[in-house]
Amino acid sequence: MDFKGPEVERWFTSRYNDSEVDRTVYVSTEEQRKAFDALEAGVYYRKAVGGIGNQLFSMISAILLSELLDVPFVYDDEDLRSLVWITRSPGKKVFFIRRNLDLRKRDYSTLSCWAVDPFHGYSQQVLEKFKTLTMAIRDQSPEASTGGKKWVVVESNCPLFRYWLDSPETCERIKSLGYIGESVSCTGDGDRRYAQLVHNVFQRHFRFREPFLQFVEQILEPYRSRLIVDPEDHSLFPFPKFRNLVTVHARFGTGGSDFSDLFTFLGKSSEDVFVRCLKEHSPPSVFIYVASDSTTAKRSIHDYAGDNYVHSPVKVGHSGLRRVHWYQSYLKPRIHEATRNALADLIVASLGQSFIGTGVSSFSTMISMISGAETAIESSLARLDKKYASFDEYIKSGASTSDPKFDKLNRGLTKELNSITATVREVENAVLKVETTPSAYPNISANEIKRRREFVNRSLAKLKRVSDAMKSPRVLNRIAADQRAALGKGKAVSSTMAARDYANDQVVSRSQAQQAEMMKKQDMSLGILEEGVDNLNNMANGIHDEIQQQDKLLDTLDTDVSDAQNRLNQARDKMQALMKTNNKCQFWTIIILFIVALIMVCSVLFS
């Protein structure tokens, strides 16, 4: 795909290593075809039906399976091929084939798994078939899931890797390949396992082509001087992460999107929810990038963000349009463009420090996984461990804590500890908000809330261990002893200028922190109470208005009933007067006129 935007000055200065070249065999010549035909085994990924989130889930599953089976990886996604290439370690082959090159001459099995939603009219039979298939995948080894065939075709739009990770035995094999961390349990931390695997497969095997990198740079170029790059976060190399960027993915679907869709994700009223969430959880100074299928939603957030809104030239479109037969050539350019734009949205939405997504969207799920929100915190915790190890080693070495070297270690570790603690506290506040008012966040499941709470608790516990170790009697006594020795020699104290009051300061700091935390929780509770009172007031006003309207309707009804009663009385009086008359001529005249009128009506009706 040709890049048609203006060339911009290099921003992503760190590219891939020189050894990182595209070694994919693109089967087009007779020689390449023979090389492909000579393959005895392989995993073949057929482009999935669905949006790019579902497509990437399926492709990642196929790549993982090729690694587990140690066989060549073959794919036919021409749209994605124009944006990225797939890399593997030396000796492991990657082939790209055209869609019309099938496997009819080979003996193969098929892994088909389709993401279904029971709320959109799928039959129980389909759901049971889906459940049976995924349970079989979970309970079998990767080799057994191929049915003994050397070739396997992955043709699905759901994350098969999830079911392999749910098997403790297969999970341990995946861990041995380095796709999930050693600290991650294969019997718990389910969502954490999934996120780490997706992030690591994406980082290890996907390489972006230069035209696509240029396209992403074009989106961010106007904000280069104001976006703050995080120099320590390389979780989405070669793209930088930004400390003052918040990203949003608002997926509406049927009735709310700019293109036709089969499913409904959010109601139109949800536009206000995103703005409210930004107001509650994002400082006014941050920049906001919005990926959405709704121009109206983008406009609402733009009105809120003003000059801090990151404009994008990305045109909304669905990357999962089917290509079939006679109109394939007509759709091809549109699908190319939609795939590029969707991937650009996905990448830029992954570069912020905070992300607000749509809970039931695979696109939002993919962003949260590859952005490494938790991975970034875990990386920071790993850096903290290394700095503390250096700190602890210095203490054990017996070197003086009055030395400037220790002062640098101590200050750097303290700064890192405070920074990570502030980040984790922000996540905790968001989790607490959802825990307190779950009805306001219907798209966040109870399991997701629980998982976030467990992650926050683990992170805070680790931070507390480091903090307690830094303030342990062993360290404090050592600092005090070195200070006394330095003072006794008349030397200036460099790194422990305030060590004399260190213990007292720590007590005061802890007390102040506890009071601040209590006040924060009280403020949050009062805010929730105020919101509840406002809601009750609005309800009371609504009820009052409704009663007044009902009173007016009852008054009108009473007047109408009175008028009808008067007319009825007049008609009754006239009838009684007629029945009492003694004038037979008048009586028979009325009867004859009635009969004539009846005849005329009948003649009109039946003529």
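1. Basis. Because the model is predicted, local features need pLDDT of at least 70 and side-chain atom pairs count only at pLDDT 80 or more, while totals for chains, interfaces and linings use all residues. Residues are numbered from 1 along each chain as its sequence is written, and side-chain values use heavy atoms, with hydrogens and water left out.

2. Overall make-up. The protein chain has 19 helices and 12 strands, taken as DSSP runs (H or I of at least four residues for helices, E of at least two for strands) and numbered from the N terminus. Of its 607 residues, 41% are buried (under 20% relative accessible area, with exposed over 50% and partly exposed in between; 1.4 Å probe, protein chains only). The chain exposes about 33600 Å², of which carbon and sulfur atoms supply 55% (Shrake-Rupley method, 1.4 Å probe). Among contacts (heavy atoms within 4.5 Å) between residues at least 6 apart in sequence, 72% join residues at least 24 apart.

3. Nonpolar cores. A core here is a set of buried Ala, Val, Leu, Ile, Met, Phe, Trp, Tyr and Cys residues joined through side-chain atoms within 4.5 Å. The largest has 75 residues, and Phe 161, Leu 197 and Phe 206 touch the most other members. Helix α2 (residues 52–69) gives the most to this core, 11 residues. At least three residues come from each of domain 1 (21–192) and domain 2 (209–369), with bounds from an automatic or database domain assignment. Beyond four places in sequence, Phe 161 touches Phe 57, Ile 60, Ser 61, Leu 64, Tyr 194, Leu 197 and Val 198.

4. Disulfide. The count is one, under the rule of cysteine sulfur atoms within 2.5 Å. Cys 171 and Cys 186 form the link, with sulfur atoms 2.1 Å apart. The angle about the S-S bond is -75°, a left-handed link. Cys 171 lies in helix α7 (residues 168–176) and Cys 186 in the loop between α7 and α8 (190–205), 15 residues apart. Both cysteines are buried.

5. Glu 428. Is Glu 428 buried or exposed? Glu 428 counts as buried because its relative accessibility is 12%. This residue sits in helix α15 (residues 404–436). Its side chain makes a polar contact of 2.7 Å with that of Arg 425 (N or O atoms within 3.5 Å; within protein, one able to donate a hydrogen and the other to accept it, and residues adjacent in sequence counting only if both atoms are side-chain atoms). Leaving aside neighbours within four places in sequence, Glu 428 contacts Arg 453, Val 456 and Leu 460.
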